[in-house]
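Here are my notes for you on this one, written as numbered points. Keep the structure open while you read and click along.

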Amino acid sequence: MDYRKRLIDLGWRQGVLLKPEKTQLKENAHYDINGNDLLLVVSQTCDLVQSSFDNEPYFETLCIHPLGREPNGAYLGGKNSRRIEFGFDPDDSGLRHWYALPFERHLVDRAFLLENRAPVTLLDSHNLGTILAWLSRRYTRAAFPEEFVRRCKVREKQLSKNFSRLNPLVSNVYIRLTSFEELSDEQKYAIELMLVMRAVDFDDPEKFAKCDEIRELLEKQFEKCPGIVVESITTESSADLTIEELSGHRDWDYSYLSFREPENAALPIDL
């Protein structure tokens with residue numbers, strides 16, 4: 001039998017949302033799955049429809065939970081490593097807000113796909129892309145020296161508050177350190193930061209002004225961190241950046257420095 005063609009005909013693809021009604025979908029889960037939860041298929045489509053079940057015996061799912069309120073700005077867009085919140089209304093069910101935790105993933109026997117037609121409900125491409133990037137960054141993000149993190153923690157609360165306020169305004173934060181080694185107390189880390197806004201937001205005077213205000217506050221807070229020297233913090237448009245300008249910089253998922261997000265770090269925003 002041509003399993004690949006059958007799986008394609010049954011509609012299986014990345015982004016399908018499964019109701020966890022059948023035992024096979026939950027038997028390998030190491031966490032509780034409740035009635036209104038959904039299982040998001042995160043495996044690549046090419047792996048889902050692979051002809052050989054020896055090569056690909058399982059597919060992977062991520063559990064998403066109803067939130068019961070609007071998403072908190074601190075958890076939007078995949079900026080927080082330990083939780084993501086987003087807006088989505090599957091089948092006009094009235095459940096419009098959702099969250100996921102990265103460790104609530106499990107494998108399901110791929111034979112399940114042959115026995116069932118894929119539901120028509122798919123997560124939209126924007127949210128799917130954000131979630132997949134959020135998961136992958138747990139493994140690919142830049143590592144920072146513990147000594148640098150320790151020095152940042154002196155102004156942890158203030159830095160956290162201002163970085164959280166950046167979430168709706170910037171698409172990336174790039175950082176360059178003079179050294180990614182563990183420095184002695186006598187040595188200083190010199191930093192350059194680039195706050196990158198989407199071009200359409202950069203050209204919006206109100207949004208640019210808000211971002212630039214936060215930039216100034218960040219500069220003041222970093223200057224109060226012992227052993228850290230601020231060489232520059234700039235606000236840039238994604239349309240103007242070149243590969244050469246990014247040379248030596250690393251994409252900084254600043255939530256991975258274990259900053260604490262205040263409860264009201266940012267206004268709730270519905271995607």
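This is a predicted model: local features need pLDDT of at least 70, side-chain atom pairs count only at pLDDT 80 or more; totals for chains, interfaces and linings use all residues.

1. Is Thr121 buried or exposed? Thr121 counts as buried because its relative accessibility is 11%, and buried means under 20%. You'll find Thr121 in the loop between helix 3 (111-115) and helix 4.

2. Which residues does Thr121 touch, once you ignore its neighbours within four places in sequence? The contacts of Thr121 are Gly15, Val16, Leu17, Pro90 and Asp91.

3. Take Asp91 from that list and look at it by itself. Asp91 sits in the loop between strand 4 and strand 5. With a relative accessibility of 53%, Asp91 counts as exposed, because the cut-off for exposed is over 50%. Along the sequence Asp91 and Thr121 are 30 residues apart, yet their C-alpha atoms are 7.1 Å apart in space.

4. Now zoom out to the contacts of the whole chain. Count the contacts with a separation of 6 or more, and 77% of them join residues 24 or more positions apart.

5. Next, follow the chain on to helix 4, residues 125-140. Helix 4 has 16 residues and spans 22 Å from its first C-alpha to its last, close to the 22 Å expected at 1.5 Å a residue. Its buried residues are Asn127, Leu128, Thr130, Ile131, Trp134, Leu135 and Arg137. What covers the buried residues of helix 4? The cover includes strand 2 (38-41), strand 3 (58-66), strand 4 (84-87) and strand 5 (97-109).

6. Last, the overall picture. The protein chain has 271 residues, and 48% of them count as buried. There are 9 helices and 9 strands in the chain, and its C-alpha atoms fill a box of roughly 65 × 40 × 35 Å along the principal axes. The accessible surface is about 14,000 Å², with 47% of that belonging to carbon and sulfur atoms.

Key: Residues are numbered from 1 along each chain as its sequence is written. Side-chain values use heavy atoms; hydrogens and water are left out. Helices (H or I, at least four residues) and strands (E, at least two) are DSSP runs, numbered from the N terminus. Buried means under 20% relative accessible area, exposed over 50%, partly exposed in between (1.4 Å probe, protein chains only). Contact means heavy atoms within 4.5 Å. Accessible areas come from the Shrake-Rupley method with a 1.4 Å probe; for residues, only the protein chains shown count as cover. The expected span of a helix is 1.5 Å times one less than its number of residues.
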